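Please look over the sequence and the model before reading on.

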Amino acid sequence: MKLSAFVAPLLLAACTSAARLVDFQVAQPPPLPKDAKQCTIQILERTFAFSFGDAEVVQFTPPTDCGPVGSWAGISLNFTVTSNGTQFDRLGIFTFQNVEIWRTSTPEPTIGDGIIWTYLKDVTRFLPLFSEPGTFILQLDNLIETGLDGEYATTLHATFFESSIVHPPAPRANVIIPVTTLSNTTGDDASVPPAFSLNVTVPRNAVQVYAELLPSGNGNEEFWYFNTANQFLGDLPAGFSFPDGPLREVRLLVDGRLAGAALPPITSYGALDLPTYFIDLTPFVPVLTDGNPHNITIDVSSAESDHAINQNWFVSGNLQVVTDPSGKPTTGSITVYDASPFPVTTTTGTLGTNGDLVVTVAATHSIHIESHIVSGSGKTTNVVWTQQLSYSNTQSFLDNLLIQNVLQTSEGQSTSLHNGVSAVVDKYSFPFAINITSLTPDGSTSGFFQETSSGNFGNGTSTNTFSYSDTKGNTYQRQVSSVNTNITSDHQSGTLAPLPASKGLNLPQAQAKFSIPRLPGGRHKPGQ
């Protein structure tokens, strides 16, 4: 597993010499061997107009002109999209062999010349799937109606990197097990609540199992970190905020026992490549390898007493399994299990005589699981899996609700040791502060986002500082700043940086037209 450290990147847009607006996400280029022989194939091409319930379903056949099938040094996907008009952001689900391999969302297009974006994704860890023919699905539910005319024209290519002495075949799981709805006609994600469960059977000779979770909030949960704790919901006007508070913990359970958890940051983080979360299930190998089906559950919980959330989160997962070459059953036992099913939470708040409301929700969660594992070949492994998660969200509703401030911190460290050697290391911190200010009660004063009869206009500034490193020595740093839709400076460095390193840009100011904004809690702009 890769070890990375970064400041959360945001989606930016840059004006280029072409007419279209170029959107991009600040992220590291895939760490793949550029000097290896490459074979690129087109997987699909589709314009998504009115496409609700109408996914693109194609059949994939692995290429044979970049060495033996399955021996590749790496695999990447190139997703390029153009759009023009007025449209909301839409969720995209890439499913292959019933495994969700990529979740993305679309930028909202501009009126006029439109937008374009390209994202390169490293999918090398799914090499076992790409080594076999199978069904590839892209679900991108789009809606065309009065006021929404933007279509998304998409193409998807896969590039395979031939292995060699210099670039050996990539490490791979032996088996990848989907934890999905197993649909063959649409994206395989499940809607939560209620919790999603699936019975799976793990090979009896499994010696390592890693779970990958893909969650994202949607509908009334799209801006979950703005939701108000139920205890204080009555202190706000009806319809101003959704209930069930701002904490969301994604949980993975094995036969009803908590195996690991994740705290998603915010909606916009990783917009083109939504983050996934790894949990080491190896401590459960002695249980999973008994030859029987076992229940895997993914759910999302809140800090409320009943742990309820709103509709809805889309979730899926997969189990990446490493097997012992002997083929003999693995044995062992779980020796330590210390994991409360839910985090320890507190909710406090104050209501001032002037109507100002301040609410804080805090949580901590500690997980510690150990196992002793004996493979069919006789190798013994002592596994220690720990997670330390902490969370705090303070919301301030001020000045007769014209101002809402959110200050949130989400931190965690997940560590897995196999005989004292790190197998999974994930340390993260996602602090953020958000201010929503309605400039006048009737919304008549112009501000950062304006709605007019000729279109909706936004303005603002953004600076992203991004740093990446992994255990193979790859590094990448980027600092990019923008004003409105123009990149004002862009500096890249590190082993993965393009050559020559980019320099700052100075481009004229411009504004772009966008669709109407969605506000937290389903509320409208004052005056609407």
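## Basis of the model

The model is predicted, and local features need pLDDT of at least 70, side-chain atom pairs count only at pLDDT 80 or more, while totals for chains, interfaces and linings use all residues. Residues are numbered from 1 along each chain as its sequence is written, and side-chain values use heavy atoms, with hydrogens and water left out.

## The disulfide

The structure holds one disulfide, a term that stands for a pair of cysteine sulfur atoms within 2.5 Å. Such a link is a covalent bond between the sulfur atoms of two cysteines. Here Cys39 is joined to Cys66, with an S to S distance of 1.9 Å. The link is right-handed, with 95° about the S-S bond.

The pair connects distant parts of the chain, 27 residues apart: Cys39 lies in strand E3 (residues 38-48), and Cys66 lies in the loop between strand E4 (56-60) and strand E5 (74-84). Strands, like helices, are DSSP runs numbered from the N terminus (strands: E, at least two residues; helices: H or I, at least four). Both Cys39 and Cys66 are buried, that is, under 20% relative accessible area, where over 50% is exposed and in between is partly exposed (1.4 Å probe, protein chains only).

## A sheet of three strands

Three strands form an open sheet in the order E28-E29-E30, with antiparallel pairing. Its edge strands, E28 (461-469) and E30 (486-493), each pair on one side only. From one strand to the next the twist averages 5°, taken between axes fitted to C-alpha atoms, with angles from 0 to 180 degrees between N-to-C directions. Two strands count as paired if DSSP finds at least two bridges between them.

Nine bridges join E28 to E29 (residues 475-483). Within this pairing, Thr461 stands opposite Val483, and Ser462 has Ser482 as its bridge partner. The hairpin of E28 and E29 has five residues between the strands, and Gly473 takes a positive phi near 90° there. The hairpin of E29 and E30 has two residues between the strands, and Asn484 in the turn has a positive phi of about 55°.

A cavity is a set of points, on a 1 Å grid over the protein atoms alone, where a 1.4 Å probe fits but cannot get out; lining residues have an atom within 4 Å of a point. Its volume is the space filled by probe spheres set on the points.

The largest cavity has a volume of about 80 Å³. Its lining includes Ala261, Phe278, Leu389, Asp426 and Tyr428. E16 (257-262), E17 (277-280), E23 (380-398) and E25 (421-437) each give two or more residues to this lining, and E17 gives the most, with three. By class, the lining of the largest cavity has seven nonpolar, two polar and one charged residues; Ala, Val, Leu, Ile, Met, Phe, Trp, Tyr, Cys and Pro count as nonpolar, Asp, Glu, Lys and Arg as charged, and the others as polar.

The second largest cavity holds about 30 Å³ of space. Among the residues that line the second largest cavity are Val179, Glu212, Ile298 and Asn318. E14 (206-217), E18 (294-301) and E19 (313-323) each supply at least two residues of this lining, which divides into seven nonpolar, two polar and one charged.

Notes
1 Å grid on protein atoms, 1.4 Å probe; cavity = no way out; pocket = protein on both sides within 12 Å on 5 of 7 lines; lining within 4 Å.
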